[in-house]
Structure formats: structure tokens, C-alpha cells
Amino acid sequence: VTSWHRDERVLWRRSFERLVLLAPGREEPLVLEGTGRLVWDLLDEPRRDSLLHATLAELFERDVADVDREVTPFLMELRAAGALVAR
Amino acid sequence: MTAGSYLRRVAVFGLPGHDAAMREPPGGVWCQPLDASEWRELVRFVRRLRLSGFLQAALVADALPVTEEQRRQASELHLEACITVLQLERTLLALVDELERVGIEVVVLKGSAAAHLLYPDPAWRMFGDNDLLFRSAQFDDALTVLAGLGYRRPATPLRRGFDRRFGKGATLVGDEGDELDAHRTLLFGSFGLTIDLGELFDSSVTFPLGGRQLRALGPEAGLLHACYHAALGDPEPRLGSLRDVAQRFALGWHDPERVVELARDWRAEAVVARTLALCADHLGLHIENPVATALADHRPTRRERRAIDSYVGGNRSHARKVVASLPYLDGVAAKAAFVRDNLSPATGFVGLRGDRPGIAWVGRGLRSLRHGGER
């Protein structure tokens, strides 16, 4: 994976600190909170994998390697749910 | 502080000048959250009027006082409404795909179109159904396509061809129980008869949804539609409908001269004037705009008063609307056809109304006609 972006077919709304989205082909909505919502907001335009991790590392004052380890499974999960597209 | 005054502040949140409204009344009362019973009342209003998006926006901005528990409840209320809205938008996309695939033009009214075009965040504007506008010539075909997708019509039309000629449209119910309003014009009766329906399509704009572009009314036609809905939709105007009008004025998206021109062409000056007065009465908003300058002081004629009364007065029967509509139709033939089609219901329509519905329906119609004629 070199870059991530939102699937443009996803329908979504912000709701207080949460974000609810309906991915194409999925019956149940997904609700994102905390870092999940932040990741969604950061992907308002396609982002390179490395840049996304670096941004999160800077925001949370963590090592990029730690962020990579924690965030990558989450990104993969959103991809599997049809919310994100990886290129 | 009462639920009603709190609700009004919710409904105007984010409009220019709303800060001044928030400061009233003096004495620091606005620093205190609602008590439990007033909060419960507020939640009932917010749910019924679908204002949870504005409540969310106001609370996120810390513009209104609230307890932690009240904030949690508001959050759950909004999340629930968001899920409904997303499901409706998914349905909307599927319907528009099917309709456009067979060449039927579709303009989305209110709901999703308003949420995406008018507000800083679509999460502000909640809605409970989808409203689609079709060209008169394609209306029957559209209903056929929608029937194939599981949308049935609980009430059959008054008479064959009525929909295409005089009807507002049809309310349909889908297999999932979702409601869909299929429109041919923006409203039934007097004011619906004078709208240039071609203009609604010719001046349409688009908004993005789910990776594609859907059509919505253009700024000027959209503003007038918002006025019709706010001024004539309910006897007690809905705050959300008035907010849509105020939002459109605040956006300044429209050409004021064109709005005034359309209002005159569509004989809707009295509707706009009534809307502006309702915004002042119910939202405390005195809209200053060239449209308001031109139309706010419009004095309704007797005919206009009678027409408005048929939508929001004490007698809002179908027959009353028919009588009030006659001056808005040109020519004896059109008037005769309108009366005939409206007072000679098809069997299916009558069949919904009691054991001896035909007689009851005709009787009610005649009584209303006489009443209307006396005024």
C-alpha cells in the first residue's frame, strides 16, 4: 500500500465526537471515534501511507513505527469494510 | 428558561445574528441548563421536528448550556437520526440510478439536497423521507419504475390522467416501510397551479452524493419552494422549514431580482410575504434582503387570502383547496376539468373512506364547496 483514500461512494455524517458511515454494499453503519475519526478527517484527500503515519505520530507524539503497528490494522479493517481504498 | 425558548435558539443556531438572539433574555438565565422536565420536552420537540442536527451543532460549539447527561442524550438522538438519513440517502441513490437509467429526469427536493447544498455540514439538516420531482410527461413512467422497485401507492389517483394534469404527486411506501414522495409540482392547489414546472428542471443545479452528482432545485426556485413549504405546509409552521428559508437568505446564493420575478410570475408574492412574517414571529429573525424589501409588505388580495387559508386555515379540506384554486386556472375549460377531476374520484380513492364512502365523500365535498363559495 502506498496511499489511502476514502471510497467516494461512502455516505457519512459527523455526530458530536463520532462519525457514522455507510459503506457501499454494507447493511450496518460503522461508527468511528477518537483516532478513527481523526484518520477519516485526515483522509479528506488521498494521503501517502508514510505521510499519514508521520502526521499521526506527530499529533500523538509517538514513534512512527508504533503508529504504523497500531494504525495499519485499523486501515486494513476500514478497507475490508469498504470505507477506504488503498493504492 | 423553557423548552420552547431553548428550541428557538437551537433552530437559529449558526445564522448571522444568532448571537444576539442567544443573549436574550438578560440576567444570566442562559448560563443554566434546562431542568429535567423541560429537557424531556425539548427532546420530544427536537425528535418530532428533526432538529437534532442544529442541537448538535450548538452543543459542539458550546453555544447552549447543557449537563453531561443531556449532552449524552443529544448525542444518541443525533446519531440515531444520522443513521436514518444515511439509509435514506442510500435508497435515494439506488432510486435515482434506476430512474435515470431508463431516461427519467429526477430532481431531489428538500432532504438530502438541502443538507448538502445549504448547510456548513450536512449533519445539521436531518430528514425523514425522500422527495423526488419528475416532469409531468414522465410522471406515470416514474411511478411504474418505482412500483417495480417495491414502492406502492396507498391511495389511487382521483381520476386517470389527474396526476399528470393537476396533481401534486403521490406518496409511496416502499417494501422496507420507507416513505417516498413523488412530486409532479411543488404543492397541490392554487399556488401549485401557477408554477412554471419547466423552470424547475431548466434551472436545476447538482450536488455530490456517494460519488455521483444528483440534481436539486436552483437557488431561486429552491428559495420559493422553501417558502411554499414553510408558509403553507402546516397550520403551525415547522421551525426546520423556516430555518431552511432563513438559511437560504443567509447564504445569499440566489439572484434577488430573479426571485422577485419568479414570485410574481408564479403569483407567490403573498406566500413569500407570509414566510418572512413567520420567520420574524417564530424565529425572531427579521430578514433584510432585496427580496424582503420587494415583497415583505405585499398586502394579500382576497383571492390570495382565500388560497392561503385553504392550506393553513380552519378548513383545509380537499374541496376547499379546489374552490380556492379556481381563480388560479386560466379558462373555463381548465376550471371545469379541474373541478370534474377533483370531485369525481375513481373507485380506489373512494374505497379508502368508510362503508359508504362515495356518499360521504361527495357530501363532504358539497358542504365544503358551499362553505367556500360563501366566503
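**Charge pairs, backbone and confidence**

Analyst: This is a predicted model. B:Arg238 is partly exposed, because its relative accessibility is 30%.

User: Which residue forms a salt bridge with B:Arg238, and how far apart are the closest N and O atoms?

Analyst: Side chains of opposite charge can pair when their charged atoms come close. The cut-off for a salt bridge is 4 Å between nitrogen and carboxyl oxygen. The salt bridge is to B:Asp234, with the closest N and O atoms 3.6 Å apart.

User: How many salt bridges does a search of the whole structure find?

Analyst: The search runs over all chains. One of the pairs joins B:Asp234 and B:Arg238. The number found is 24.

User: Is A:Arg13 buried or exposed, and which residue forms a salt bridge with A:Arg13?

Analyst: The relative accessible area of A:Arg13 is 1%, so A:Arg13 is buried. In the salt bridge, the closest N and O atoms are 2.7 Å apart. The partner of A:Arg13 is B:Glu89.

User: Which elements does the pair of B:Glu89 and A:Arg13 link?

Analyst: B:Glu89 is buried, because its relative accessibility is 0%. The pair crosses between chains. It runs from helix 5 (residues 68-101) of chain B to strand 2 of chain A.

User: B:Glu199 and B:Arg258 meet in a salt bridge. How many residues apart in sequence are the parts that this pair ties together?

Analyst: The N to O distance of the pair is 3.2 Å. B:Glu199 lies in helix 10 (residues 197-202) of chain B and B:Arg258 in helix 13 (residues 256-265) of chain B, so the parts tied together are apart in sequence by 59 residues.

User: Which residues are linked with A:Arg14 in a network of salt bridges?

Analyst: The network includes residues of chain A and of chain B. Linked with A:Arg14 are A:Arg37, A:Asp41 and B:Asp121.

User: Where is A:Glu27, and what kind of patch does A:Glu27 belong to?

Analyst: A:Glu27 is in the loop between strand 3 (18-22) and strand 4 (30-32) of chain A. Its relative accessible area is 63%, so A:Glu27 is exposed. With A:Glu28, B:Asp175 and B:Glu176, A:Glu27 forms a surface patch of negative charge.

User: What is the phi of A:Phe16?

Analyst: Most residues other than glycine have a negative phi. A:Phe16 lies in the loop between strand 2 and strand 3 of chain A. A:Phe16 is buried, because its relative accessibility is 4%. Its phi is positive, at about 50 degrees.

User: What is the phi of A:Glu61, and is A:Glu61 buried or exposed?

Analyst: A:Glu61 sits in the loop between helix 2 and helix 3 (64-80) of chain A. Its phi is positive, near 55 degrees. The relative accessible area is 75%, so A:Glu61 is exposed.

User: Which element of chain A has the highest mean pLDDT?

Analyst: Chain A as a whole has a mean pLDDT of 93, and 99% of its residues reach 70 or more. The lowest mean among its elements is 91, in helix 2 (residues 49-60) of chain A. The highest mean is 98, in strand 2 (residues 11-15) of chain A.

Notes:
Residues are numbered from 1 along each chain as its sequence is written. Chains are lettered from A and ligands numbered from 1 in the order in which they are written. This is a predicted model: local features need pLDDT of at least 70, side-chain atom pairs count only at pLDDT 80 or more; totals for chains, interfaces and linings use all residues. Side-chain values use heavy atoms; hydrogens and water are left out. Patches are made of residues with over 30% relative accessible area and no salt bridge: like charges are joined within 9 Å, nonpolar side chains (Val, Leu, Ile, Met, Phe, Trp, Tyr) within 5 Å. Accessible areas come from the Shrake-Rupley method with a 1.4 Å probe; for residues, only the protein chains shown count as cover. A salt bridge is a side-chain nitrogen of Lys or Arg within 4 Å of a carboxyl oxygen of Asp or Glu. Lys and Arg count as positive and Asp and Glu as negative; His and the chain ends are not counted. The place of a charge is taken as NZ of Lys, CZ of Arg, CG of Asp or CD of Glu. Helices (H or I, at least four residues) and strands (E, at least two) are DSSP runs, numbered from the N terminus. Buried means under 20% relative accessible area, exposed over 50%, partly exposed in between (1.4 Å probe, protein chains only). pLDDT is the predictor's confidence in each residue, from 0 to 100.
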